[in-house]
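Q: Hey, could you walk me through this one? I'd like to go over the charged pairs and then the packing.

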Amino acid sequence: MTLTWELLRGRAQNGSLTGVVRLLVRATEEERLALAPEVEAAIKALDRNGWWRGQNNPNPGYALAVIGCMPSAARAAALLQRTSMQSWAKDGPAHFLEVARARELTWLGDLGARLAQRLPIRDANVDLWPVVSAFLREGGTEPPVTENVVRAWLDRLLSPPWQRNEDKTPLSIRLREDPHRDLLLPGVFEFTGFGSDLAAMGWDESTGQWESTPVLPKVIAHLVADGTLERKVILDLTVDRLLRGGRPNEVRPFALLHDALAPTLDEACSHALDYARLLPEAPGAVATLAQKALRQVDEAGRLELETLLDTSGPTLVRKEKTLVKAQLTWLEKVARREPGRAGEVLETIATAFGHPALDVQERALTGIGKQVAGLDADTVARLAEASVILGGDLPARAVELFGVAAPESADKVPELLPAAPPAEMPAPIATATELAEELVALAHERGAIRWERVLAGLVTLYATEGATVLRAALQPVLDRYPGDFAESSWNRTEPLLHLGIAIRSVIGPDSPAAAPRTGVGRSGNLWEWLVTSVRTAWQDGRRGGDDSALAATPDGVLGLRVAELATQLTRTMVPLIMATPTHVTGSVDASVLLERLRRAEAEGWQPWPVDFEQALLRLPRETDPAVVAAAGQLTSPAGRQFATWLTRGGLPDPVTRRFEQTPDDKNRYYWSPGVRRVVAAMSPARDGGLRLERQLLTVVPGTHPAGYPGTFHGTGDVLTMVLPHHREAAAAWALPEVAATADQEQREGAGVLPLLAECSGPVGPALAHGVAYGLGARHHENRVAATDAFLTLAARPEPFAAAVGGALADLGADGVLKMSRVVPALAEVHRAGASVALWEALATALPTLLPAAPHGLPDLLELCSQVARAVHARTEIAGLADVASRPGTTRLIKEARRLQTVLTP
């Protein structure tokens, strides 16, 4: 039978690999080589996503044709690595080797090396490595020791049985018998990207289940114990990997391996300097094992004292208190053992005076006090000088111990500078080319400032440059991003699509004004829908619903403005947008709006209504009397409305009140929070007013909290710029998302807090609870955002701290907020210099938290002692004396007594 591509393709598409092999093996070499061009052309013509469609995947058969017909490794590798050829290796290497042996290929090892070089670093295909490995072994070629090769080898090694054709051979046996083990196993240690993968759960064939601890470390230790792996090599690799560091989960598997190896005294001595480097800087678990090893060396008399003292200094200010206290105990023992050098050791112990935790400072001071009597006067003086940084009630104890008074500068923190005014907006867009560049940037990142510049630039340049210039600059952008600026099944409510409509109305024959019945881009009734949405929003003050292309939430105001621009730009020839901010917060200077209105009157045009209302909502709360007087001279309808708005004081503050949502226990889903959530209900302070007003200032929360809310994840700056001088109103909308960062450990949500703090207006329950929730968020970036917001608020004149303190008490008393998260964030506030405001918040929270005694309260009391001493507080805290007077020595009682001492004159 003559070998043809039709025969091969038919068997490949039917999934008959045996049939493909039979055809290739029985053919002559001339027939195989003659078929190479057809094989190559067919594979190049494959749909890149077609490999996963249908029941029969032809790729394994096509791959056999590649091995059976290609004349070189280079051409074979190029075809097998095409995106359309994924999953070609899923049936293993046997058929490939049969064909290659029939051809007596000399380049199979070269093919294996080429494929190995292109193995993916992430998301490795576990079926691919066995075939590549077989090619390498068949050709007598060693695999390249690169990160992607090591990862592919390791992923296959650790894969569960169902990914290995139900091969249930234990990992220890597979690793022992692996032909590439000695070459590739060191790469697991040498490439830094494997720790996180090893730290994940692993399948243990011995138990037939997933193990919560990494499986590979104990298997390696087992092979070291039976002599398969050389102990010194593995221990050296392990310690070297620990020295290179990384996040805790990245080094955890190697720490477990180190513990499983259980280094002997001699081995620990040989790595003593390595352990000394690990102790101050490595993650907690690694530092603990280093401390254990060094103590073993020291107790054997084989550790230099200088090494111990050098590594102890930075160790004693680590945040892990258990580790630090163990180091203090060790040093105290060494001081007693080495009386001639006790002064040096105790001065090293004094380094712990700089630890942020008062109980660690106290532990160091107590340890020194036990041996201070044997020290010379100069050493005592140096210890007294070091004690100047002690906090809480400890300076007075240091005076008694050393006989030297600590300076008043103890616990001094930086002063918080007054907040600078918000930055001005960037310069307006001046050219069509710049507008095109900003439009591209907007397609990638929809920031509020960029939105404002694009809208203002489009209107101004249309009036000054005309459609021809804009068409040349903007049409390529529309063509490049059709998924954003042209209609699809999912984006009909997107402001970016509405902006595309506006641009097309300006630059092209598809103008909705010219052809309103056909719509934009022949999209049916989209144009009419947009016009209706704008009309409804203006007439009824309503956005949202099935008949509206606009969001009902405040970010929908931006969508409404874009839609208004799209429907009005070519009809009214307004040359200027009124609402373009003057500052990055969204604020519009009243004097600037005055000049814009004067220009409109002089040129005889009226502002667009929604744009003008947004401008009024962005005006500051206070206005220069001269501007108010000048506004009274305006004669146009918009000018008179502007004057009245200023005279009446602008937008009244809405009414916000605390609203508690309870868990939905009856209809509980896994995404629902299991604790109560405090949000804000909001209503306008008046009837009437602007058309945008009622919907913006109305929030009616549900009985139960929403799970993982995300309305403003990408539009927090858009939200705050709608009402830049009424941040409490914006906070009421954003509060559920901020709350979810704490009670549902959501990663996004608190990023809006610094933006709210930059705005102005009273701080009420919405913003106060938002800051409190942010301080207790699960993820560090959200706590940083809340800390920044607190610091910004503290630098401004509006009172806020008592409200935040009340919110902390509200949410912390029953554990909705975890003090273990809140306290470190508040400590950052203290270190940054906002101690006066922080003390006000803490003093407000404590009377509620003390009787509730939530977990972590001792840590909060410790922070209170530090802050109170820094601000010289003498506040009487209700309930503190009762806790301090209780019998016992629990940490809660000790910290209450400490705070009471600091507050007592």
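**Salt bridges and packing**

A: Happy to! Asp240 and Arg244 form a salt bridge through their side chains, at 2.7 Å from N to O. Keep in mind that this is a predicted model.

Q: Where do Asp240 and Arg244 sit relative to one another in helix α14?

A: They are four residues apart in α14 (residues 231-244), so about one helical turn separates them.

Q: Nice. Which residue does Glu250 pair with?

A: Glu250 makes a salt bridge with Arg247, with 3.0 Å between the closest N and O atoms. Glu250 counts as buried, at 14% relative accessibility, whereas Arg247 is exposed at 51%.

Q: What about Glu798, what is its salt-bridge partner?

A: That would be Arg727, with the closest N and O atoms 3.4 Å apart. This pair links distant parts of the chain: Glu798 is in the loop between α41 and α42 (801-812), and Arg727 is in helix α38 (residues 727-743), 71 residues apart. Glu798 is partly exposed at 24% relative accessibility, while Arg727 is buried at 0%.

Q: OK, switching to packing. Which residues of α35 are buried?

A: In α35 (residues 637-647), they are Ala638, Gly639, Phe642, Ala643, Trp645 and Leu646. Looking down the helix axis, these buried residues fall within an arc of 160 degrees, so they line one face of α35.

Q: What do they pack against?

A: Their packing partners are α32 (590-603), α33 (609-617) and α34 (625-631).

Q: Which residues have the most contacts inside the largest nonpolar core?

A: Leu499, Phe642 and Trp839, in a core of 164 residues. Phe642 touches residues including Leu593, Leu597, Phe612 and Leu634, leaving out those up to four places away in sequence. There is also a second, separate core of 130 residues, which includes Ile43, Leu64, Ala65 and Ala357.

Q: Last one: what is Thr792 in contact with?

A: Apart from neighbours within four places in sequence, Thr792 contacts Ala757 and Glu758. Thr792 lies in helix α41 (residues 780-794) and is buried, at 16% relative accessible area.

Definitions and conventions:
Residues numbered from 1 in each chain as written. Predicted model: local features only at pLDDT ≥ 70, side-chain atom pairs only at ≥ 80, totals over all residues. Heavy atoms only, no water. Buried < 20%, exposed > 50% of the residue type's maximum accessible area, 1.4 Å probe, protein only. Helix = DSSP H or I, 4+ residues; strand = E, 2+ residues; numbered from the N terminus. Arc of directions from axis to C-beta. Contact = heavy atoms within 4.5 Å. Core = buried A, V, L, I, M, F, W, Y, C linked by side-chain atoms within 4.5 Å. Salt bridge = Lys/Arg side-chain N within 4 Å of Asp/Glu carboxyl O.
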